[in-house]
Amino acid sequence: METSGFAHWLIVVVQVFAALFLLLLAMGVALVLVTWFIDRNQTSNSVLRNFPVIGHFRYGFLRLGEFFRQYLFSSDREELPFNRAERVWVYRAAKNAENTNAFGSTRDLRAEGVPFFVNAAFPALGDHHVEPKPLRIGPYAREPYDHAAFFNISAMSFGALSAPAVRALSIGAAKAGIWMDTGEGGLAPYHLEGGCDIVFEIGTAKYGVRTPDGRLDDDKLAAVCAHKQVKMVSIKLGQGAKPGMGGLLPAAKVTPEIAAIRGIPVGQDSQSPNRHLDIANVAQLMDAIAHIRELTGKPTGFKAVFGDMRWIAQLCDEVDRRGIESAPDFIIVDGAEGGTGAAPQTLMEGVGLPLREALPELVNMLIARGLRQRIKVICSGKCITAYDVAWAMSMGADFVNSARGFMLALGCIQSLQCNRNTCPTGITTQNPRLQRGLVVTDKSEKVYHYAKNVMHEVGIIAHSCGLDDPRELDRTHCRVMGDDGISVPLEKLFPYPQQAARM
């Protein structure tokens, strides 16, 4: 009887599964027929009209292609924006793992634009790494900022980034002794959580310090800068991903918390203006810098993408008229290679000078006008490895900021979904289920190790060049491969101008 009962039960289970299979099969056939009918009769897509149903496979493969190429088909040096070799270098640095290779480099050392550093014949004995010395920013501010670390976290907003990502960056930055730029999204409690130094960015929408009509609210700004961790204020004029266009935070990312911090409505797209409402020329920019520096007591400068450099000459003229103390305390030059912000492809790929041109032009302008010591130069734009950073310092940067480098340290896999709220690593999403994958205690350590290892290896390069401080790197210490396969000194490609004397 027991055997007969079990057989009966088994038959029932098989019948249920058979019925479910037939139901699913029928639903599948119905779905295919409906899709075929829709595809065949729509008029907007020729492929689907001619090849109903199966035409959808083309678009599926198109979407999946970028992921398959990343893992299966591209060589270590082919991918953009960052190839596998670059990403692996960052991952190893973030894990504090051994970062040595055997049997020679896979980098094509004959390719145009590849930098080489000129080693000294007799470098100093002792440690093969040199530590940077503190540099003062904002000597005329009430609270000047002395900072040694030359590699820091670039502007990334809470809202664009998840709360766990911001927390991990803050904690890791504090441990590494580097600053963290808030981005234009306002100051969140997660920025302050780790105890790191903060650069507060004022974007064109003035998130976090805005009046209802989008003007600057002095009381809110004073309250933000009352935090001891806030060391500098940066006025964002533009960013590399989208010069001349304001940022867009999709409605899916505008949670009640983000809306409260930014001062905007919940659940609506938030589009920043393409420029500050109160800054339409150089004189107004200088007025804004003076006002914010006086109000907050903090060193104040601006961030921009450069195209026509003549307005920097006008800025220098304005400093001559107003006095040396009126100059911006720093300028952040962002190259057209910038990319953490979602942007139209046209702007991302076709507008603004790349960093390799903008940085030396800015530095040369400041040298020629006798302002190089007064105005500190910070650069950002695709600098994620030690030799990227060393190259930027050779060009004249005092500090180098990185955004995507630290995203990779957090675990970014370059899935290219930053603007879709579907980031699989929990970095650029407000979806709690996806954020769960980012463990703050683990990722903050990776942020710390990545920053320290980049600076350590830049120090190794400086020591190899016979220098006592990485900031002593200049254009005499670096050569760049030309199109004829022969390297050219940076000082020949970008000669130093004659420095003007200042009273």
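In helix α4, the residues R84, A85, E86, R87, W89, V90, A93 and A94 are buried. The model is a predicted one.

**Helix α4**
- Helix α4 comprises twelve residues and spans 16 Å from its first C-alpha to its last, close to the 16 Å expected at 1.5 Å a residue.
- The residue N96 follows α4 and has a positive phi, near 60°.

- The loop between α4 (84-95) and β1 (115-117) contains V114.
- V114 counts as buried because its relative accessibility is 8%, and the cut-off for buried is under 20%.
- Although V114 and V480 are 366 residues apart in sequence, their C-alpha atoms are 5.5 Å apart in space.
- With neighbours within four places in sequence left aside, V114 is in contact with R107, D108, L109, R479, V480 and M481.

**Packing of α7 and α9**
- Two packed helices are described by the angle between their axes and the distance between the axes.
- The axes of helix α7 (residues 218-225) and helix α9 (residues 282-296) come within 9 Å and cross at roughly 55°.
- That angle makes α7 oblique to α9.
- The crossing of α7 and α9 is right-handed.
- On the α7 side, the contact is made by D218, L221, A222 and C225, and on the α9 side by H291, I292, L295 and T296.
- Sorted by class, the residues in the contact of α7 with α9 are five nonpolar, two polar and one charged.

Terms used: Residues are numbered from 1 along each chain as its sequence is written. This is a predicted model: local features need pLDDT of at least 70, side-chain atom pairs count only at pLDDT 80 or more; totals for chains, interfaces and linings use all residues. Side-chain values use heavy atoms; hydrogens and water are left out. Axes are lines fitted to C-alpha atoms, for helices over the stretch in contact, and angles run from 0 to 180 degrees between N-to-C directions. Helices (H or I, at least four residues) and strands (E, at least two) are DSSP runs, numbered from the N terminus. Angles under 35 degrees count as roughly parallel, over 145 as roughly antiparallel, 65 to 115 as roughly perpendicular and the rest as oblique. A crossing is left-handed if the near helix is turned anticlockwise from the far one by less than a right angle, and right-handed if clockwise. Contact means heavy atoms within 4.5 Å. Ala, Val, Leu, Ile, Met, Phe, Trp, Tyr, Cys and Pro count as nonpolar, Asp, Glu, Lys and Arg as charged, and the others, Gly among them, as polar. Buried means under 20% relative accessible area, exposed over 50%, partly exposed in between (1.4 Å probe, protein chains only). The expected span of a helix is 1.5 Å times one less than its number of residues.
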